[in-house]
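Here is a short briefing for a first look. Keep the sequence and the 3D view open as you read.

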Amino acid sequence: MSKLINFEELEKKWIKLWRENGIFEADPNDKSKIFVTFPFPYMNGPLHLGHAFTALRVDVYARLKRMQGFNVLFPWAWHWTGATIAGQAKRIAEHDEHVIKVLVEIDGVNPREVEKFIDPIYMAKYYTNENKSVVDGLGFSVDWRREFHTTSHHKAFSKFIEWQYLKLREKGYIVKGTHPIVWCPRCKSPTGDHDRLEGVGVSPEKYILMKFKCGDLILPAATFRPETIYGVTNLWLNPNVDYLIVHVDGEKWVLSKPAAEKISNQLKKVEYIGELKGRELIGKKCIAPVVGREVIILPAFFVDPNNGTGVVYSVPAHAPYDWIALKDLLDHPELLSSYEISRDEIERIKPISLIEVEGFGEFPAIEIVEKLKVRDQNDPKVEEATQIIYKREFHKGVLKSIYGKYAGLKVFEAKDKIIEEFLSKGCADIMYDLTQKVICRCGTPCIVKVLKDQWFLKYSDKEWKQLAKSALKNMKIYPEDARKNFEEVIDWLQDKACTRATGLGTPLPWDEKWLVETLSDSTIYMAFYTISKYVNDGRISPEKLTPELLDYIFLGKGDSKSISKSHGLPLNLINEMRSEFDYWYPVDLRVSAKELLPNHLTFFIFHHVAIFPPEKWPKAIGVNGMLMIEGKPMSKSKGIFITLKNAIKMFGADVIRGTLLLSAEDLDDPDWRNKNAEDFRRNLKSIFNFMLELKKRAMSEKISELREIDRWLISQINKKIKTITKNAEQLKTRTAFHEAFYGIWNDVKWYLRRVEKVNGDLIADILNIWVKLLAPFIPFTAEELWEKLGNKPFVSTASWPNYDEKKIDLRSDFSEKLIKNLLEDILKIRKAIKINPSRIYLYVAPAWKYDVYIEVAKLVSQKASLKEIVRHVISKFHAKYSRRELIKLVQYSFEDIVNSPPVERKLKIESVSRELEIYESAKDFLERELKIKVSVYRADQPEIYDPKRKANSAMPFRPGIYIE
């Protein structure tokens, strides 16, 4: 069977033919257009299955729309910007064994090539060339005439980025200021999301440092909840941690070593004085800020020196960690003995109630600890308890009288006011930290640095946010569930550094010591696709792409004649580029993984609304899940990684496409499993051969008239056209492909079971429709089948099948459903009785039961209850039939009708006189399937053979069955 399809040869054949005929090259014409894009991938490594999953959804949509008659542009480019490539080159130059091992063993790079990767440009070119063949190899319908890469090594693209940033600055969206940023100490540069090995999405978090006085020392306790200082009962230090005594802006602070390093990068003057162990301060007393009461310093091992300052204050009424840590000290007195702290001293610590919150009493932390049965401070459930209390109190908590003038306010209403008061009184300070580890691409752990004179994108601007919300409101988001995520990001997004000092990129046009960073040159570059072909074919040189010319092309500003004269460019070329942009823009669909929603995809909206008029704002965004491999998150460093090149070698392009498409849709995470790919490969070969065999039958078997089963197949294929089209257009690609592949296959297999002779003309039509419906998903197989079915030139450019509602035959659909259900019931009974039957008898319900069924249906439509229906039916029919029979029949009828969709209810009522006819027409089929004789009776027919009285059990649409 496998000899009939050689994936490798087939793929090479169609890639060559597609390229030679330029069928994916798109230029403006009189058709309606569709412009789709996929985020350009980073060229520090090979494309992998994660790239394939997201880009595949774009390609399916592009292919669908092309077949629907749209002029479709799907371009592709390569991202070289940032520390991604430069950081890796640096690690190779330093002979980092782990990086080199990954390149050789996972990426498949020849060791001799790796030696050349110390040049980041060489590395980027290497991977660009490798990956371009992979994009072709997977069958993506790309217009390669528009290809480009980023950074100053592509002068035309840099001209575009310079123009973009000049426009943003002109509109006031780029500002110079002082902000906390994620910083790589080694690169000495801001580290955006795409310049990170770990910690994508992590931003600096602001801690408030509450200053506790212990003699001449200040112990600054870091907290996100400074309003809870009114309930402080003690201070926590980790006895095993080394702390530093340092001068900070004239005060003697006690900080963990990591905290001292962090604060020194946040515009504070930090001078070393000395060191001490945490245990040296355990048992001492200090004065709490704001409330002025004396509290004891206690040991706690949950205090992490890498988190905040390494100093934590305790509010046991509202902080589960604090309550459980106090409880641990009482449960383990040996922890206190070495510090000369008595048990009585711990027992005297009483929680102080501060915040009233619905669903909890005086001490929410104590209640949640007991509810979740938290064992001790090492129990993971203590973090869950903390999150529950924090969220509930922040959003719904009301401050009690202990807060004085703030009493009665909700926590979220009062919090900023309280912080402002504490800072103004000097009893608090500010520190920034990362709540999760962030690793730069160069391999260095990142910190928060407060940077002066840095360039920032002013995402905090309220008017800019409003424009972004306006664009989002008018966009389609697939799936719709992701819309609320965009809304939240737009609301909380703050100013972001848009430049970095090292790596690859475009110099900031007015401050060239800075380079535009990775996430900041990837927001509106889709506009550059519309004119990049003019650069690539030499019709315009990069030097000519001045701000004046780009203003005209992208914004329609200026006079083309004067620009033609000043730039020495043909007027028709300038107008052609303007027309090209105007034709293709806006972007109709952009698709990316959900990890890019909080940054890239939202920035994509912000930058478009900043620069372009509303009619050029994006139309739709698709968001999908993150790829898993064999149930585990993909990780190159852990070897959980499959390059697309290797996957194509192992399985072939359409097997990869089909396996990925069937693995997930919407925000669900796809899980690649090799077994699934192997199973799909077998099915792909089977369906290929199945269709070719069916073509042979279609050529030799002819039927002069349409039978009911033929009308059923026509109805099914039309329903599939509707379902597949609707789902593919909404990026529900798993549902769409499952219906196109398995759904139609099952329908055709059922048809073949039902007939002894196929309707050849109908089957020929069905095969052509089926191949078209498969084409966006598995294009190589579809092209080969299209050709073998005798069609030319390409299924990729054939017309998409049109759904015809007139061909939906609900009557035939219902008949086949009854026959399928009957066959399943017979098979279940035969399996249960475990005998070799000689004959099967079927008994269709008597006419009076249909009368009752119709009566029940009428009453159900009038919203009558089961009790009311029983009473009515007994009253109407009791003279002829027993009460017991009627109650049983009403209960059956009620459940059957209520559980049937409205359309099916109507069909059942219309089919009460046809049920016997339906089963009699299927008698030959049932005998073929079951390989025994089948007799069909109406239950009230005289002199029927019914030794077990099975006719009595017959109900409307559920015949009685006797197997002899």
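Cys214 has 10% relative accessibility, so it counts as buried. Buried means under 20% relative accessible area, exposed means over 50%, and partly exposed lies in between (1.4 Å probe, protein chains only). This is a predicted model: local features need pLDDT of at least 70, side-chain atom pairs count only at pLDDT 80 or more, and totals for chains, interfaces and linings use all residues. Residues are numbered from 1 along each chain as its sequence is written, and side-chain values use heavy atoms, with hydrogens and water left out.

**Cysteines**
- The closest cysteine sulfur to that of Cys214 belongs to Cys286, 5.7 Å away, which is too far for a bond.
- Cys442 is in no disulfide; the nearest cysteine sulfur, in Cys184, is 3.6 Å away.
- Cys442 is buried because its relative accessibility is 2%.
- Across the whole structure, a search finds zero disulfides (a disulfide is a pair of cysteine sulfur atoms within 2.5 Å).

**The chain overall**
- The chain has 964 residues, and 57% of them are buried.
- Its secondary structure comes to 35 helices and 32 strands. These are DSSP runs numbered from the N terminus: helices (H or I) have at least four residues, strands (E) at least two.
- The C-alpha atoms fill a box of roughly 110 × 85 × 55 Å along the principal axes.
- Of the contacts with a separation of 6 or more, 77% join residues 24 or more positions apart (contact means heavy atoms within 4.5 Å).

**Helix H6**
- Helix H6 covers residues 120-137, 18 residues in all, and should span 26 Å at 1.5 Å a residue; its end C-alpha atoms are 26 Å apart, which agrees. The expected span is 1.5 Å times one less than the number of residues.
- Asp119 caps the N-terminal end of H6, with a side-chain oxygen 3.0 Å from the backbone nitrogen of Ile121.
- Buried residues in H6 include Ile121, Tyr126, Asn131 and Val135.
- Just after H6, Gly139 takes a positive phi of about 85°.

**A four-stranded sheet**
- Four strands form an open sheet in the order E4-E3-E19-E21, with antiparallel pairing. Two strands pair if DSSP finds at least two bridges between them.
- Strands E4 (189-190) and E21 (496-497) stand at the edges with a single partner strand each, so one side of each has no neighbour in the sheet.
- Strand E19 (residues 447-457) runs antiparallel to E21, and two bridges join them.
- Leu457 stands opposite Lys496 in E21.

Definitions and conventions. A polar contact is a pair of N or O atoms within 3.5 Å; within protein, one must be able to donate a hydrogen and the other to accept it, and residues adjacent in sequence count only if both atoms are side-chain atoms.
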